[in-house]
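Hi,

Here is the structure I promised to send over. Have a look at it first, and then read on for what turned up in it.

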Amino acid sequence: MSPDVDLTLPKPGRHLLRDRLLALDFRLFEFAAEQHWPGAERVLPRLTRSANHGVLWFAAGAFMTVTRTPRARRAAVRGLASLSLASLTINTLGKRSVRRPRPVLDPVPLVRQLKRQPITTSFPSGHSASAAAFATGVALESPAWGAAVAPVAWSVALSRVYTGVHFPSDVLAGALLGAGAAFAVRGLVPTRAQLRPPARPRAEVPVLTEGEGLVLVANTASGTADRVRTLLDVLPQAEVVECEPREVRAELEKAAARARVLGVCGGDGTVNTGAEVALRHGLPLAVLPGGTLNHFAYDLGVEDVRDLTRALVRGHAVRVDVGQFRCGVRRGVFLNTCSMGMYPELVRERDRWSHRIGAWPAGVLASLRVLRTDGHPLEARLGTSTRPLWLLFAGNGTYHRMGLTPGRRVDLADGVLDVRVVHGGRRPAVRLLAAAVAGPLTRSPAHAAVQVGRLRLTGVAPHSLLAYDGEVTEVEDEVTLEKLPEALTVYRPLPGH
């Protein structure tokens with residue numbers, strides 16, 4: 001790497017305020033050089049080296065990710081995205097706009113000087129920008145994780161002055177730019193707290209101070225043991241039934257006969273079954289996320305045991321919409337999405353291979369096989385004409401896009417089905433990608449979108465597949481999708497409580 005300090009540039013003329021600030025900056029640098037903190041000579045140089053090229057922060061993000069809590073994963077992603085934006089800004093604009101030389105190392109003790117001195121310009125500090133960006137981004141998503149990361153970020157920024165590679169003003173400017181990058185990322189992609197669903201319509205439900213009257217059925221295949229134990233620690237009078245996936249429906253039916261509140265712990269498919277049983281028995285539902293994606297629980301605002309127990313002991317609940325499909329005598333409900341066409345074909349193909357090669361490889365293989373198909377997986381009559389379709393998607397509520405990320409719902413009781421259609425034609429992969437990028441655009445040659453309360457499809461070919469909340473069934477002839485407005489009562493923590 002070549003230095004980006006141009007020594008041929010003439011020195012700037014005298015400026016009273018600037019000269020005073022630079023003098024103060026140099027005195028602060030000398031003051032820091034005179035300090036001798038116990039252990040700092042050994043710790044801070046190593047810490048500052050570990051932050052080279054963002055290695056320290058990528059490692060911290062990886063650690064947060066493996067904790068397997070959704071809030072920690074989102075915080076790690078937001079922190080790393082903020083760091084990336086800050087680094088890009090510093091390297092393309094910051095250091096080349098103010099071409100300030102590095103400090104002279106004479107006042108700095110040799111023991112704390114870095115063996116390899118940086119050769120880029122001094123203002124602003126890239127290490128400080130990365131540290132502040134990561135810590136601020138994490139804190140915006142998860143204050144608890146932000147509090148854990150902040151001391152490390154502050155130490156990295158301090159180490160840049162302590163080791164003599166930056167003036168204090170370099171560090172301050174870098175930290176401000178890093179924090180600004182984190183807020184810029186939040187402007188593009190709002191945090192989940194910013195998009196919390198509205199706390200309406202409120203519902204009257206039992207207050208379960210000790211969990212009395214709650215019967216919760218947990219799907220053991222989802223790895224729910226830790227969550228269930230934590231729940232019982234807070235609600236000792238709750239009853240928990242753990243069972244295999246094939247037993248979930250039967251156990252939910254038994255639980256509904258004796259429960260004041262029906263609880264369910266598992267993935268979206270398990271929660272779907274719990275919602276169907278709760279609807280038939282007229283019971284409020286308590287959802288404890290225990291699967292991989294947990295779309296309904298997260299959109300509801302319930303991410304962990306703490307969220308659910310807070311709602312249960314305070315008696316906070318809302319009424320939410322439920323989607324329903326009908327095909328002849330076959331009926332079913334969906335809390336998230338219902339789809340026909342390519343996606344159900346992909347799910348069936350993935351399930352065929354997952355037990356042999358694993359879930360993720362099976363998903364890739366299924367995508368390749370389905371996208372290479374010659375025939376359209378769905379033909380249906382929409383209005384007055386029969387059309388080939390690659391995909392028909394109906395969301396239970398409006399799905400919004402968050403900046404450049406996939407959409408999510410902010411209102412679970414808006415009364416509409418969010419219907420997206422990808423028309424038939426050549427190159428399904430290109431059409432599907434165009435529909436995904438376009439998001440909520442209402443119409444194009446490749447796709448269309450509309451919000452309705454009811455959708456009726458006729459002329460559906462025999463053995464066509466319909467997927468609802470991850471489950472797949474066969475349909476034919478006539479399929480009706482409709483909303484059941486505010487049909488289900490669900491516990492959820494309310495903002496400000």
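Let's begin in the middle: of the 52 residues in the largest nonpolar core, Phe 296, Leu 488 and Tyr 491 touch the most other members. A nonpolar core here is a set of buried Ala, Val, Leu, Ile, Met, Phe, Trp, Tyr and Cys residues joined through side-chain atoms within 4.5 Å. Strand 1 (residues 214-219) supplies the largest share of this core, 5 residues. Leu 488 has a list of partners that includes Ala 275, Leu 285, Val 320 and Leu 335, not counting residues up to four places away in sequence. Contact means heavy atoms within 4.5 Å.

Some background before we go on. This is a predicted model, where local features need pLDDT of at least 70 and side-chain atom pairs count only at pLDDT 80 or more, while totals for chains, interfaces and linings use all residues. Residues are numbered from 1 along each chain as its sequence is written, and side-chain values use heavy atoms, with hydrogens and water left out.

The protein chain holds 15 helices and 15 strands; these are DSSP runs (H or I, at least four residues, for helices; E, at least two, for strands), numbered from the N terminus. Of its 497 residues, 48% are buried. Buried means under 20% relative accessible area, exposed over 50%, and partly exposed in between, with a 1.4 Å probe and protein chains only. Among contacts between residues at least 6 apart in sequence, 74% join residues at least 24 apart.

Next, please find helix 5.

Helix 5 packs against helix 6 (residues 143-162) at an angle of about 170 degrees, with the axes 8 Å apart. The axes are lines fitted to C-alpha atoms, for helices over the stretch in contact, and angles run from 0 to 180 degrees between N-to-C directions. Helix 5 and helix 6 are therefore roughly antiparallel to each other; angles over 145 degrees count as that, under 35 as roughly parallel, 65 to 115 as roughly perpendicular and the rest as oblique. Among the residues that make the contact are His 127 and Phe 134 of helix 5, and Trp 145 and Arg 160 of helix 6.

Now compare another histidine. His 463 lies in strand 14 (residues 454-468) and counts as exposed at 58% relative accessibility. A polar contact of 3.1 Å joins its side chain to that of Glu 474. His 463 has a positive phi of about 65 degrees although it is not a glycine. Asp 477, in strand 15 (residues 471-491), also has a positive phi of about 65 degrees without being a glycine.

Enjoy exploring!

Methods: Polar contact = N/O pair within 3.5 Å; in protein donor to acceptor, adjacent residues only side chain to side chain.
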